[in-house]
Amino acid sequence: ISKIANELKNGKGYYVFKNYFSKKEIDKAKKIILKVSKIKKKLSFVSDKKNNQKSILNLIALGSIFEKMIQPKVVMDVLENLLGKNFICGHFYANTLFAGARGQKPHMDYPYLGMENFWEKFPFKSNGNLVLNCQTMILLDNFTDINGATEFLPGSQKFNKYPSQKVFDKKKIKFVYPKGSLIIFNGMAWHRSASNFSYKERIAILGQYLPFFITPMSNLKRCIKKKDINKLDSRLRQLLGIDLINPIQNLKSK
């Protein structure tokens, strides 16, 4: 665990568990995602027609398979090492790149990306040791050279700079791995999804994990009905921030 954590902080910035999930688990998750993507239900997905991709939200409300995928044991141990004992899940969704989907610009993940609008220079020097975000990717399809596999610049979590396309293109690698693989990486590392030049969709489940004091992107607690909250296991309660003391809410002002 400590070696993997050090790789994310001071090494390449990522670690791959090939074939972590079984074919049965992957097929089950993909079947649900493709079904939901066809239902025009409020808050079930975010569709980007221009870039030909769709994000399926509220995954943990869609089946027990996603409760398993949000908390892989080995990843939870690594994240506790990197983010602290009470880390939370800030976002958990499926991202589908359909045939012809455009690639992204290289970027860092939340909360780092949001800082760019407020600082001319990077607001702090981490040297890889200050980790405010880790990401997971679960591949529901084989990632190939042509179907929009994630591109990544190894070691860039130590640059303390916002991404440069020119620098990124010189030394980027591509995550070409079989479906069922689980990838964990430092959110400060430069990365992007490439364009999908294949004739089929490319689906991945993405998880965002943060220290408990960072405001999450999604209010995942709303995915769970009140009557079901007491049935959640302790790890899932932690990830959803169920038992956090702060922020204090629902106080009426006088």
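**Exercise 1. Classify Phe213 as buried or exposed, then place Phe213 in the chain.**

Step 1. Phe213 has a relative accessibility of 56%, so Phe213 counts as exposed. The cut-off for this class is over 50%. The value is computed from a predicted model.

Step 2. Phe213 sits in the loop between strand S10 (202–210) and helix H7 (234–239).

Step 3. Phe213 also belongs to a nonpolar surface patch of about 300 Å², together with Phe212 and Leu244.

**Exercise 2. Describe how S10 is covered and which strands pair with S10.**

Step 1. Begin with burial. Nine of the nine residues of S10 are buried, and the strand is mostly covered.

Step 2. Sort the side chains by direction. Arg202, Ala204, Leu206, Gln208 and Leu210 point one way, while Ile203, Ile205, Gly207 and Tyr209 point the other way. The residues pointing in either direction are all buried.

Step 3. Find the partner strands. Strand S4 (residues 88–97) runs antiparallel to S10 and is joined to S10 by nine bridges. Strand S5 (residues 134–139) is also antiparallel to S10, with six bridges between them.

Step 4. Tyr93 stands opposite Leu206 of S10, and Leu139 stands opposite Ala204 of S10.

**Exercise 3. State how many aromatic pairs there are, and work through the pair of Tyr14 and Phe152.**

Step 1. The count is 11 aromatic pairs.

Step 2. In the pair of Tyr14 and Phe152, the ring centres lie 5.1 Å apart and the planes make an angle of 70°. An angle over 60 degrees counts as edge-to-face, and this pair is edge-to-face.

Step 3. Check burial against the cut-off of under 20%. Tyr14 counts as buried because its relative accessibility is 9%. Phe152, at 0% relative accessibility, therefore counts as buried.

Step 4. Compare a second pair. Phe175 and Tyr177 have centres 6.1 Å apart and planes at 45°, which makes a tilted pair. Both Phe175 and Tyr177 are buried.

**Exercise 4. Find where Asn51 lies and which residues Asn51 touches beyond four places away in sequence.**

Step 1. Asn51 lies in the loop between strand S2 (45–48) and strand S3 (53–56).

Step 2. Leaving out residues up to four places away in sequence, Asn51 touches Ala101 and Arg102.

Step 3. The C-alpha atoms of Asn51 and Gly100 are 8.1 Å apart, and the two residues are separated by 49 residues in sequence.

**Exercise 5. Summarise the chain: what are its secondary structure elements, its burial, its contacts and its surface?**

Step 1. The chain has seven helices and 10 strands.

Step 2. Of its 254 residues, 51% count as buried.

Step 3. Residues 24 or more positions apart account for 81% of them.

Step 4. The accessible surface of the chain is about 14100 Å², and carbon and sulfur atoms hold 53% of this surface.

Terms used
Residues are numbered from 1 along each chain as its sequence is written. This is a predicted model: local features need pLDDT of at least 70, side-chain atom pairs count only at pLDDT 80 or more; totals for chains, interfaces and linings use all residues. Side-chain values use heavy atoms; hydrogens and water are left out. Patches are made of residues with over 30% relative accessible area and no salt bridge: like charges are joined within 9 Å, nonpolar side chains (Val, Leu, Ile, Met, Phe, Trp, Tyr) within 5 Å. Accessible areas come from the Shrake-Rupley method with a 1.4 Å probe; for residues, only the protein chains shown count as cover. A salt bridge is a side-chain nitrogen of Lys or Arg within 4 Å of a carboxyl oxygen of Asp or Glu. Helices (H or I, at least four residues) and strands (E, at least two) are DSSP runs, numbered from the N terminus. Buried means under 20% relative accessible area, exposed over 50%, partly exposed in between (1.4 Å probe, protein chains only). Rings of Phe, Tyr and Trp (its six-membered ring) pair if their centres lie within 6.5 Å; planes under 30 degrees apart count as stacked, over 60 as edge-to-face and the rest as tilted. Two strands pair if DSSP finds at least two bridges between them. Contact means heavy atoms within 4.5 Å.
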